[in-house]
Amino acid sequence: QTMEILQDLGYEVFILSKVDISDTAIRAEHKKSWIRKNLPCIDEDHMIIVPIDQDKTSYIHTEITKSILIDDYKENLRQWQSLGGIAIKFGNKWKHNRPYRQIVKDIFQVVPIVESL
């Protein structure tokens, strides 16, 4: 439902997920299958599988300064933010030295944050 709300608000929603390069095709299909089942509002063109040794920023072809990355991995968030994007940390641990805009423990917390931007 959160992804559908973001789409209704006019956001183009992508799922970027990293996979191990040793068996990329198998893991990619498992992830896409999960997305199809759990997030049916996301079409195939918006499911982006990124090899684990590459950064997510190189896979986005829209202006990153208008893009929000919700991620649990600090390096992805740092790279995104260094290019002017908005980084939202998904997880349950907050550390003082992290520059993330927000931290969410539940995906449902994303909508109010996005609406306030």
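Read along the sequence, the chain follows the pattern α-β-α-β-β-α-β-β-α, which comes to four helices and five strands. Helices (H or I, at least four residues) and strands (E, at least two) are DSSP runs, numbered from the N terminus. The model is a predicted one, in which local features need pLDDT of at least 70 and side-chain atom pairs count only at pLDDT 80 or more, while totals for chains, interfaces and linings use all residues. Residues are numbered from 1 along each chain as its sequence is written, and side-chain values use heavy atoms, with hydrogens and water left out.

Of the 117 residues in the chain, 36% are buried; buried means under 20% relative accessible area, exposed over 50%, and partly exposed in between, with a 1.4 Å probe and protein chains only. Among contacts (heavy atoms within 4.5 Å) with a separation of 6 or more, 41% are between residues 24 or more positions apart.

Strand E1 (residues 15-19) has five of its five residues buried, so it is largely enclosed by the rest of the structure. Both of its faces are covered, with Ile15, Ser17 and Val19 on one side and Leu16 and Lys18 on the other. E1 runs parallel to strand E2 (residues 47-51), to which five bridges join it; strands pair if DSSP finds at least two bridges between them. Within this pairing, lysine 18 has valine 50 of E2 as its bridge partner. Between E1 and E2 the chain passes through helix H2 (residues 24-38), in a β-α-β crossover that is right-handed. That term applies if, with the strands pointing away from the viewer, the path from the first strand over the helix to the second runs clockwise.

The 15 residues of H2 should span 21 Å at 1.5 Å a residue, and the end C-alpha atoms are 21 Å apart, which agrees. The expected span is 1.5 Å times one less than the number of residues. Ala28, Lys32 and Ile35 are buried in H2. They cover an arc of only 55 degrees around the axis, which puts them on the same side of H2; the arc is that of the directions from the helix axis to the C-beta atoms. E1 and E2 are included in what covers these buried residues. The face turned away from the buried side carries the exposed residues Ile26, His30, Trp34 and Lys37.

The largest nonpolar core has 11 residues, including Met3, Ile15, Ile35, Met47 and Val110. Such a core is a set of buried Ala, Val, Leu, Ile, Met, Phe, Trp, Tyr and Cys residues joined through side-chain atoms within 4.5 Å. Helix H1 (2-8) and helix H4 (110-115) are the elements that give two or more residues to this core, and H4 gives the most, with three. A second, separate core of nine residues includes Val50, Leu77, Trp80 and Ala87.

Helix H3 (residues 74-82) contains asparagine 76. The buried residues of H3 are Asn76, Leu77 and Trp80. Their arc around the axis is only 95 degrees, which puts them on the same side of H3. They pack against E1, strand E3 (68-71) and strand E4 (86-90). Asparagine 76 has a relative accessible area of 4%. Leaving aside neighbours within four places in sequence, asparagine 76 is in contact with Lys18, Lys56, Leu69 and Asp71. Just after H3, glycine 84 takes a positive phi of about 95 degrees.
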